[in-house]
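Start with the structure itself.

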There are 2 protein chains.
Amino acid sequence: MSGGPQAGGVSTALLTDRYELTMVAAALADGTADRSCVFEVFARRLPDGRRYGVVAGTGRLLESITRFRFGDEELAALSGVVDAATLDWLAAYRFTGEIDGYPEGELYFPGSPILTIRGTFADAVILETLALSILNHDSAIASAAARMVTAAAGRPLIEMGSRRTHEASAVAAARAAYLAGFGATSNLEAGRSHAIPTAGTAAHAWILLHDDELGAFRSQVEALGADTTLLVDTYDIRRGVELAVQAAGTGLGAIRIDSGDLGELARQAREQLDALGAVTTRIVLSGDLDEYAIASLRAEPVDSYGVGTSVVTGSGAPTAGMVYKLVEVDGRPVTKRSAAKESRGGAKSAVRRFKPTGTAVEEVVHAVGSRVPVGPHDRVLPVPLVRGGEPVPDLPTLDESRERLRGALVSVPWEGLKLSRGEPAIPTVFA
Amino acid sequence: MSGGPQAGGVSTALLTDRYELTMVAAALADGTADRSCVFEVFARRLPDGRRYGVVAGTGRLLESITRFRFGDEELAALSGVVDAATLDWLAAYRFTGEIDGYPEGELYFPGSPILTIRGTFADAVILETLALSILNHDSAIASAAARMVTAAAGRPLIEMGSRRTHEASAVAAARAAYLAGFGATSNLEAGRSHAIPTAGTAAHAWILLHDDELGAFRSQVEALGADTTLLVDTYDIRRGVELAVQAAGTGLGAIRIDSGDLGELARQAREQLDALGAVTTRIVLSGDLDEYAIASLRAEPVDSYGVGTSVVTGSGAPTAGMVYKLVEVDGRPVTKRSAAKESRGGAKSAVRRFKPTGTAVEEVVHAVGSRVPVGPHDRVLPVPLVRGGEPVPDLPTLDESRERLRGALVSVPWEGLKLSRGEPAIPTVFA
């Protein structure tokens, strides 16, 4: 079988903490396995100083749940972990409950009920690790990426961080960055699995391989066309720009600068390109860019940015810190009592309130069933995602989720889009 | 097919940046594809303030290279990316070169030649993204985990961070943490793929599911035996400890405390357990532990630690920052000339010098072929890893690499094991 780590058929069932299965075993033994439960995914807080979070990974999660099956190989691996009765139960396992949640691409705030899972205890508890892995990773990346997109103020961003993260995370990171508004990725598997546009230029190795820089540029143009992007900073940038135009002509697609004082170099390169007549040649910058560096380049003649390390590692917040908590058993709200970790029992929903102008005002989190007024500009946030164990029809595509986020960011009060540290863009009110 | 993301047969070829393949296409077209090249993986610096790095992921990389094949599905996905001649070349691709490198579990320092890849340009450049993804991720985790193991001063550590990172990263993170000296992981796929011991306790959901805490404890003991670990901090910890011993008897295996002032709570729980006669019951602490928190608990009566977020995210350094640089073409050293990024051309080797007492003194990085004296206590670091495209026989097992690291850490000067920020434990000397 081919198809990479995202492809169909491969079981996701062992991507799970051991204690989920031993709890199932103990619950099957004492009769609590069938108790009707509600679990909720939420974040107690945003990463330090962040003003919003972006829900990402929902689509990957729903697809992964359909592959959460215990085949012969998985069961064999579990023979020392749980008893025979539990192995039988696992062999027949498929999720049959219901899931509601914030649509992918929606914003979230502290306490937002991002995902609500209803099912028997055993059916629902077993999905905890997988659900959190996917949502915590993908939301961390999308939340960082959205800040970079805002900082770029309309200029395109290319995600090129695959080499800085686990090889399978790289594929999910490319997806999350695209969801957040990046225009393309360097990652070929992300192109295949998620139909994201792929892009690339050349490495310094390409220049060093050749006897001279002009020869390297000429070969690249010959093979890939004048619209290619030539990397001009291997030796002397001024000379590199000159040779690039010499090799490709004034129709050269773009140059890339990957080192040095990027703003100053971009200004010089723009002047030089214009003087050479290459007025349509674009300037791509890369090299340890994050949202702050991108924002600082806003006044410079830059056409697009290549971003690596900072986006795939969540720019200082590599995980979203979401938790998966049991909030209701047989209709009864339950909650851990601990001073340090504030928890609220009971199944919850949420309404985001907006001004008539479309600006978000507050996130109202309330018990399911309680009467919370929903004004004409307000929005009920959770939507059905899984019914009878199956993803609902017509779930949004990745491009639709991307559009949702674009719209959601427009609704954030302007302070909420600042890169500086601060409070959440809107308060969460527990009604 | 079953078997999770680690299992055999699945192609790794698209876990690659697009520009690697377009460079191959251009090199095939201009005749440079067959130039004999040497690429080197190294880190320009350690993460801010760290004193050593741990090489990890080598075993995973060598296995992944054997699956770096372009099958029909991969080639179909590349039809718009490269030309027909390149697709033919990719279809026949298998790495046929040589790889040397630091053994997995070895320490590295700035400039250490961690991996040296020899082959034609096309053969070797194409492995860049995959090699860096694996080494940067796994080394970041192992480097952080090793500091936690040092901080724990012999007490066992359990890796339980799967939920805080991408679902496939979680498996690799468990492997890297085990390599660094953790005793077990919560991750079942890591247990299957890498034969790492798995462990687990129970979640707060287990307690909340039941009508009362005593009932939950009794059920768990009934199903899993008195040697299980009971989670005692759902409601009142003092009462929890009392009920835990009531449910399991004085032979209770362990209690886990996941919140609050862990040192103070551990002291109180130890006193209480001893007073109840449960003198052999162990105390497991968890809850946002990192190397600093672990070190601060050294004087407390703790038996083991459960570590999550901080280990799987590299405790502030989620990527190792290694690069894959072309250093030699047809026997000629090559190097990028840029003020900001110091580079040294030419294939390199390294010797670590030791005092007769076994304490490391310096890392000598030198050109291959140059005469560097190797004293009786010194060690040549790179070893053969791949010959004729195939992993060499008798590569170290994960347990052997774990032993290697344990020995390497003993050799570090004592300042080098401090958790505080500082310089690399030994200097790198370029001979």
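Arg60(B) and Asp138(B) form a salt bridge through their side chains, at 2.8 Å from N to O. Arg60(B) belongs to helix α2 of chain B and Asp138(B) to helix α6 (residues 128–152) of chain B, so the pair ties together parts 78 residues apart in sequence. The model is predicted. The points below go from this pair to the contact between the chains.

**Around Arg60(B)**

- Asp138(B) counts as buried, at 0% relative accessibility.
- Arg60(B) is buried too, with a relative accessible area of 4%, which is under the 20% cut-off for that class.
- Arg60(B) also forms a salt bridge with Glu167(A), where the closest N and O atoms are 2.7 Å apart.
- Glu167(A) sits in the loop between β6 (157–159) and α7 (169–179) of chain A, while Arg60(B) is in helix α2 (residues 58–66) of chain B, so this pair joins two chains.
- Glu167(A) counts as buried at 10% relative accessibility.

- The side chains of Glu74(A) and Arg192(B) meet in a salt bridge of 3.3 Å, N to O.
- Glu74(A) lies in helix α3 (residues 72–77) of chain A and Arg192(B) in helix α8 (residues 188–194) of chain B, so this pair joins two chains.
- Arg192(B) is partly exposed, with 23%.

**Salt bridges in total**

- Over all chains, the structure holds 56 salt bridges.
- Between chain A and chain B the count is 12.
- Helix α1 (residues 18–30) of chain A gives the largest share of the side of chain A that touches chain B, with 10 residues.

**The contact between the chains**

- How many residues does each chain bring to the contact? Chain A brings 95 residues and chain B brings 95 residues.
- About 7900 Å² is buried between chain A and chain B, and carbon and sulfur atoms give 59% of this area.
- Arg163(A), Leu188(A) and Leu209(A) supply 10% of the area that chain A buries against chain B, more than any other three residues.
- Polar contacts between chain A and chain B link 42 residue pairs, with both residues at pLDDT 80 or more.
- By class, the side of chain A that touches chain B has 40 nonpolar, 32 polar and 23 charged residues.

**Symmetry of the two copies**

- Chain A superposes on chain B by a rotation of 180° with 0.0 Å of shift along the axis, at an RMSD of 0.0 Å.
- The two copies are thus related as by a two-fold rotation axis.
- Of the interface residues of chain A, 100% are also interface residues in chain B, so the copies meet through the same surface.

**A buried glutamate in chain B**

- Glu363(B) is part of strand β15 (residues 360–367) of chain B.
- Its relative accessibility is 0%, so Glu363(B) counts as buried.
- Leaving out residues up to four places away in sequence, Glu363(B) touches residues including Tyr102(B), Phe109(B), Arg352(B), Leu381(B) and Ile426(B).

How values were computed
Residues numbered from 1 in each chain as written. Chains lettered and ligands numbered in written order. Predicted model: local features only at pLDDT ≥ 70, side-chain atom pairs only at ≥ 80, totals over all residues. Heavy atoms only, no water. Contact = heavy atoms within 4.5 Å. Buried area = accessible area lost by both parts, 1.4 Å probe. Salt bridge = Lys/Arg side-chain N within 4 Å of Asp/Glu carboxyl O. Polar contact = N/O pair within 3.5 Å; in protein donor to acceptor, adjacent residues only side chain to side chain. Helix = DSSP H or I, 4+ residues; strand = E, 2+ residues; numbered from the N terminus. Nonpolar A, V, L, I, M, F, W, Y, C, P; charged D, E, K, R; others polar. Least-squares fit on C-alpha atoms with pLDDT ≥ 70 in both. Buried < 20%, exposed > 50% of the residue type's maximum accessible area, 1.4 Å probe, protein only.
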